[in-house]
Amino acid sequence: MRKSLFWTLDSHPESTISIADLHEAAHQHAQLADTLGFECLWVGEHHFYNVGTIPNPAVLLGSLARVTQKIRLGPAVSVLPLRDSILIAEDYAMVDMISGGRLNMGVGTGSQLAEYQGMNIEFETRREEFERRLEKLTSYWSSPICAGEGSLNISPLQEPMPPIFIATTTPDRAYQAGMEGHSVLTIVSPAAEDVTTVQKVMDAHARGRSESEAPQSETEVVVTVLAYAAESEEEALSTAAVSVGRFLKAMSGKDVPDPEGLCRTMGERNTGLFGTARHIGEKLRQYRELGVEHVSFLANFGGMSVAQVAKSIRLLADA
């Protein structure tokens with residue numbers, strides 16, 4: 001099973017770590033993940049609220065590219081309706097070049113009304129706008145440099161273009177991604193009853209690939225799940241409870257009544273991975289049985305300390 005990491009670098013008043021320190025630590029943690037053999041480092045795009053402090057992932061990824069060598073780098077996701085398609089194409093073409101061809105291009109609509117309102121962009125039409133801008137992005141990247149009107153003065157290093165990952169939790173969009181020859185990013189919701197929704201997304205994507213007339217290329221479904229590893233079950237649960245409570249409050253604006261109870265429930269349902277490396281390794285068996293070949297750990301959240309994140313990354317590598 002391939003393993004990746006996903007960060008939004010969320011910031012919380014209760015935490016002692018500043019936003020500047022969060023970003024500095026991200027470079028240390030990226031280097032560690034690189035040496036431990038993680039497949040990819042994904043970072044989320046957010047605006048106007050503290051669930052994330054990365055308004056333009058391309059800037060951070062370009063910087064992380066200079067301190068890493070092998071790990072692939074990608075936004076999870078670039079929210080296409082919030083940005084001009086030309087700027088997206090240019091920014092991430094530069095990330096691909098700076099990284100030596102290590103970009104995984106995660107794209108999505110985003111789900112936060114406040115972000116669209118803050119940008120004065122229509123929320124209700126985001127899906128239609130996403131499809132239009134995805135088509136523009138791929139057309140910019142497939143055009144020769146400066147070949148005519150609409151072509152850019154920069155292009156990605158990977159040919160024909162970096163792999164595209166569509167963020168979705170619905171089988172219908174996963175099927176469409178398969179038909180288009182794209183990969184999928186999906187996530188296990190903390191509120192999910194179990195992980196069977198992941199199976200539905202994977203099956204739909206596979207069906208789309210089998211029915212597609214698009215040029216065949218390697219695609220995959222990357223499954224993101226909240227995770228924290230420690231040297232004991234008790235330490236993992238206590239740290240996860242505090243951090244999950246903060247993270248979910250940032251997302252919903254509401255307090256989590258019993259974060260420790262929620263983490264225990266998530267552990268029982270396998271919708272959250274909290275424990276020792278051995279315990280998490282056992283939990284990952286269910287994901288393998290579902291056919292999951294690539295898991296992405298959301299493993300830096302809720303104001304964890306720099307040392308806690310580093311320890312968890314090392315243990316997750318062994319899980």
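At 3% relative accessibility, Glu 45 counts as buried, a word used here for residues under 20% relative accessible area, with exposed meaning over 50% and partly exposed lying in between (1.4 Å probe, protein chains only). The structure is a predicted model, in which local features need pLDDT of at least 70, side-chain atom pairs count only at pLDDT 80 or more, and totals for chains, interfaces and linings use all residues. Residues are numbered from 1 along each chain as its sequence is written, and side-chain values use heavy atoms, with hydrogens and water left out.

Glu 45 has a charged partner. Arg 83 forms a salt bridge with Glu 45, and the closest N and O atoms are 4.0 Å apart; a salt bridge here is a side-chain nitrogen of Lys or Arg within 4 Å of a carboxyl oxygen of Asp or Glu. The pair links distant parts of the chain, 38 residues apart: Arg 83 sits in the loop between β4 (78–79) and α3 (85–98), and Glu 45 in the loop between β2 (40–43) and α2 (57–65). Helices (H or I, at least four residues) and strands (E, at least two) are DSSP runs, numbered from the N terminus. By the salt-bridge rule, the count comes to eleven.

Another of these pairs joins Glu 235 and Lys 311, whose closest N and O atoms are 2.5 Å apart. Glu 235 is partly exposed at 25% relative accessibility, and Lys 311 is partly exposed at 23%.

With 13 residues (306–318) at 1.5 Å a residue, helix α11 should span 18 Å, and its end C-alpha atoms are 19 Å apart, which agrees; the expected span is 1.5 Å times one less than the number of residues. Val 309, Ala 310, Ser 312, Ile 313, Leu 315 and Leu 316 of α11 are buried. These buried residues pack against several elements, including β1 (2–7), α1 (19–36) and β10 (294–300).

Phe 297 and Leu 5 are among the residues with the most contacts inside the largest nonpolar core, which has 99 residues. Such a core is a set of buried Ala, Val, Leu, Ile, Met, Phe, Trp, Tyr and Cys residues joined through side-chain atoms within 4.5 Å.

Technical notes. Contact means heavy atoms within 4.5 Å.
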